[in-house]
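Please read them with the sequence and the model side by side.

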Amino acid sequence: MKKRALVVCPGRGTYNKEELGYLSRHHQDKTEQLAFIEQYRQTVNQPSVHELDGKDRYSFKLHTLGEHASALIYACAYADFMSINQDEYEIVAITGNSMGWYIALSVAQALSPQDSITLIDTMGSMMKNGLIGSQLIYPAVGADWKIITDKKTELFTIVEEINQRAAHALYLSIDLGGYLVVAGNETGLSAFEQSVPNIDDRFPMRLYNHGAFHTPLMSQISDVGKDKLTTLDFNRPLTPLIDGRGHIWTPYSTNPQQLFDYTLGHQVTEPYYFNRAIEVGLKEFSPETIIVLGPGSSLGSSVAHSLINIGWQGISNKAEFVERQKRDPFVISMGMEAQRRFASFS
Amino acid sequence: MKDSATALHDDFIQRVSENNLPERRHRISLAEAGLNAEQVISMFESQVLSRLLDLEARQLKAQGKSYYTIGSSGHEGSVALAEALKVSDPAYLHYRSGAFFIHRARKAVQDDPGTPAQTPIWDMLLSLCASSEDPISGGRHKVLGSKPLNVPPQTSTIASHLPKAVGAALAIPARKRLALDNPDNQYPPDNAVVFCNFGDASANHATAQSAFNASSWCAYQGLDIPLLWVCEDNGIGISVKTPTGWIEQNFKHRPKFTYLQADGLDLLHCYMNARKAVRIARQQKPVFLHMETVRLMGHAGADAEIAYLTESQIEQNQRNDPLLHSAKLLIDLKLLTNQQIVDLYLNLQHQIELVARQVIDRPKLACAQEVMQSIIPKSNQNLPLAGLTQPQRDALFAKERRAFESAQPLGRMINFALAEIMAELDNVVVFGEDVAAKGGVYHVTSRLQQKFGPNRVFNSLLDETSILGGAIGLAQNGLLPIPEIQFLAYVHNAEDQIRGEAATLSFFSNQQYTNPMVIRIAGLAYQKGFGGHFHNDNSLAVFRDIPGLVITCPSNGQDAVAMLRASVDLARKENRVVIFIEPIALYMTRDLHAPGDELWASKYPTKHTPIAPGEFNTFGQGKDYCIVTYGNGYFLSRQAEKILKEQHNLDGRIIDLRWLAPLNEKALLEEINQCNSVLVLDECRKTGSLSEALMCMLLEAPTRPDNIKRRTAEDSFIPLGNAANAVLPSVEQIIEDVLAMNTHKNLKRAG
């Protein structure tokens, strides 16, 4: 019997220093399968993802640029997805975080590979001439990995209050469960930084080269995207997709036009509830495992927070999660060397 | 022999695989129906999910993991209704509406991007397994309900949800007319339609008939009432067949109802007519949509249809399985292949089985405290009523200034209090029989309509079920109803609207839905021989055992003002349902001991002194006796007290309970224990009256006075004329009882 798997596609910010060389380490055998990405990159006069991945040194300035990071992450995740041992795993649903939604569309075959890279690269390059707003991340989770609901409510109130101030723009961008990504203009973000306590000398943490995704500040980007990408051929996915609201798009009843509208409309300008997507995936599909595609593994902890939040299979805190992971890993992060062997051929 | 669930399942797979499907009953194209391919497939997915959850419920029941098997099989056509309505349209569902509910849950986000995505498989299974995580009832009942989906939960009481649907449909245009705020869009938008469905058998129920009649009565007078009734006619109620044509004949010609038919076995026909019905209802008119369905797998798990249906009748129903009809449609329109349909069905079946395995281990309610936690609703942040300023009051009572400034009895004081409350709160509405121009049979609502207009003070039809059910619907939609029941005896024909509905809403919705209201009821006896039983009913038993209900009864005008204000605060601040009993005999009573003493009349307070719930009044400080009473009993005790003091040299105290439920037992016992004897005096009947609770309280208390007596009305109905006095407690009896408990003291004095 195959194991039922929920696949999670990574978002921006998952290709960091440690990930340099990811393609060569894990996917040397897939050069051909990734050729469509390189071909596209060539047509838009961008360095190939293999070139970026094969640099001697990781460059913050270079690798985090939207127009590079998006394609690079897509290539890694796409290749990881192809590495999943589908003799052992039955993929019952696919979701993603933020930009991971585009990757999810691709691996669920709602978009062809060519259309996927067009979408990903176009949306990733939108702010080539200057970022619109920025993002920061802030925790609302205890050392036991339990989400602190009151803390979240308090943070939502702070965000809303700051947004009401003149010349301040601040919104919830992504609800990761235990972490919130907040986005806005500089005044708004600074006000937030002054309103919340500093935690571990790390948070609030600005996300370098990240625009104010999933906020109304992106409405122009949404319009341009819709305009530029009208030729994309959206189809019904082959596997159920769970979007950033937790809505399920089924293989039979998905309306391609609505999928286009959501992807380039609501998804771009409204908050992305990754935690809700995971919750829906667990509750409605009852997977036996969650496979988080690489690069990187930071989403794994957010998935864990969401599991703990609903007490999935009795897991109610970090210790229980860690114990379960040792005994019979429920969350497999392909971006972690030690775990990818569980899910992949390679 | 296969059980009915297995037979239905096998039959579906076999017929679809072999393409042995029923012929299409209507030749309607997608375009004619107004649908696209994905909508039809999505509706079919919801139908399949609903069916599979029914089948799973029976599996789980067999394993002892689930507790409910009344299913929706055969009624899956209701997905077309969900497709035609918006998620913001309130839906009052009967228990065979699983498919409607699932489809609304699945399309909610598309309808309104602000709605959080739902998990209907998980949630329905939680509900079947009575898990405390069930998002609507918290494990208290298998109900179909959801706050984000605008589905107030219903229990299984037959048709009891229909009257409140009328109230909700009246509330939507009423909110607009009154220009009430709608913060956070917590109430339906102005163009919302109220949807309410029921079965063909329950359409016969008195409660259902009351609701149909009320909606027709309202529309007949030109009132806006955006209401969609849907009768899901499967032709049978448990084992009793509905006569052929009965529903159509019954409802085709109701005044102002638009009667439409929909074929619940054909998605396109059903949707096309549902959409038409919704369109008419959005024009603020009542529509009766008669939808043909079948019932599959019997009434519930334990029901063997073979006892009352022939095999061929059962087979005929099975051949008309709506899922088979939908499959035929999808194949004919080339939307899905036979194999895709089988795959879709089997994949979902497997998925549901696996989800069920997770759900059965989810937590259950474990103790009384957890179960009862939601009986009393959550409080909200409203500030207490502050009262009008003097100039505002002067303006409000300008036309009755003389009366307002002089001492008045109970009835008039309530009238003034109502006026002040209505001036303070613009969402308060007063309605009932004769309350408008006439001002009520006892004039307690006199001049209110002149002051606040017909949108806030209006006559109801002569039907208590409609009054109370209507109040629930209004209250759920942000109005604060103060309905009047003309006489206590009249509440009995409508009691379920309080007992089964209003009082249970917080409990079954885990505090998510509430229907705060103050129900004024004129009642109790002592009307100087007038009226007989039905105008002098002296039993409050109907309310006493209802968990969470607040019962209050003022004995005098001054208290009534403060208690009515406190009751309104309980409703608006704590979302409670309050029963406000008004002793008719004291409405016009001015004098206590002698004509003209005016001791039972009072001036309207210039400054409000609150009377908190549970706060009783004690008259006197003596220790010889304590009388515990309320209403007329307090009035009589005050008369007795004078005689006991002046003629028998006994000095006692009299407690006017004011609040009859819940009782403030601790404080009461402290007060009573200061006395040597206690008389529990209850003007209601011996059996079932509050006196029983008070006697139990005394007997269970660690300390109590040595002498305890009870005096109540006889276990009789109230006769006409002076004979009424023969069965009611009197001043003489009170004196006799107190003396009997104080014989030692009397003898000592005599010696």
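This is a predicted model: local features need pLDDT of at least 70, side-chain atom pairs count only at pLDDT 80 or more; totals for chains, interfaces and linings use all residues.

1. Chain B as a whole is divided into domain 1 (4-179 + 188-369), domain 2 (390-586) and domain 3 (617-750). Between the centres of domain 2 of chain B and domain 3 of chain B, taken over C-alpha atoms, there are 28 Å.

2. Where these two domains of chain B meet, 24 residues of domain 2 are in contact with 26 residues of domain 3. On the domain 2 side, the elements giving two or more residues are helices H22 (533-536), H23 (541-544), H24 (557-574) and H25 (584-587), together with strand E12 (550-552), in chain B. E12(B) supplies the largest share of that side, three residues. By class, the side of domain 2 of chain B that touches domain 3 of chain B has 14 nonpolar, eight polar and two charged residues.

3. On annotation, an unreviewed UniProt entry places the feature "domain: Transketolase-like pyrimidine-binding" at residues 408-589 of chain B. In the model, residues 408-589 of chain B are 40% helix and 17% strand, and the end C-alpha atoms of this stretch are 9 Å apart.

4. Chain A is assigned domain 1 (3-129 + 218-343) and domain 2 (134-213). Their centres, taken over C-alpha atoms, are separated by 23 Å. In chain A, 24 residues of domain 1 are in contact with 20 residues of domain 2. Strand E9 (272-273), H13, helix H14 (298-309) and helix H15 (318-327) of chain A each give two or more residues to the domain 1 side. H14(A) gives the largest share, six residues. The side of domain 1 of chain A that touches domain 2 of chain A divides into 11 nonpolar, 11 polar and two charged residues.

5. Which helix of chain A gives the largest share of the side that touches chain B? Between the chains, 17 residues of chain A are in contact with 19 residues of chain B. Helix H13 of chain A (residues 274-285) gives the largest share of the chain A side, five residues. That side of chain A consists of three nonpolar, nine polar and five charged residues.

6. The largest nonpolar core has 327 residues, of which A:Ala75, A:Ile291 and B:Leu228 touch the most other members. Helix H5 of chain A (residues 66-83) contributes the largest share of this core, 11 residues. Leaving out residues up to four places away in sequence, B:Leu228 touches B:Val193, B:Val194, B:Phe195, B:Ala277, B:Val278, B:Ala281, B:Val287 and B:Leu289.

Terms used: Residues are numbered from 1 along each chain as its sequence is written. Chains are lettered from A and ligands numbered from 1 in the order in which they are written. Two residues are in contact if their C-beta atoms, placed from the backbone, lie within 7 Å. Helices (H or I, at least four residues) and strands (E, at least two) are DSSP runs, numbered from the N terminus. Ala, Val, Leu, Ile, Met, Phe, Trp, Tyr, Cys and Pro count as nonpolar, Asp, Glu, Lys and Arg as charged, and the others, Gly among them, as polar. UniProt positions are given in the numbering used here, feature names are shortened, and annotations may be inferred rather than shown by experiment. Domain bounds come from an automatic or database domain assignment. A nonpolar core is a set of buried Ala, Val, Leu, Ile, Met, Phe, Trp, Tyr and Cys residues joined through C-beta atoms within 7 Å. A residue is buried if 20 or more other C-beta atoms lie within 10 Å of its own, exposed if 12 or fewer, and partly exposed in between; C-beta atoms are placed from the backbone.
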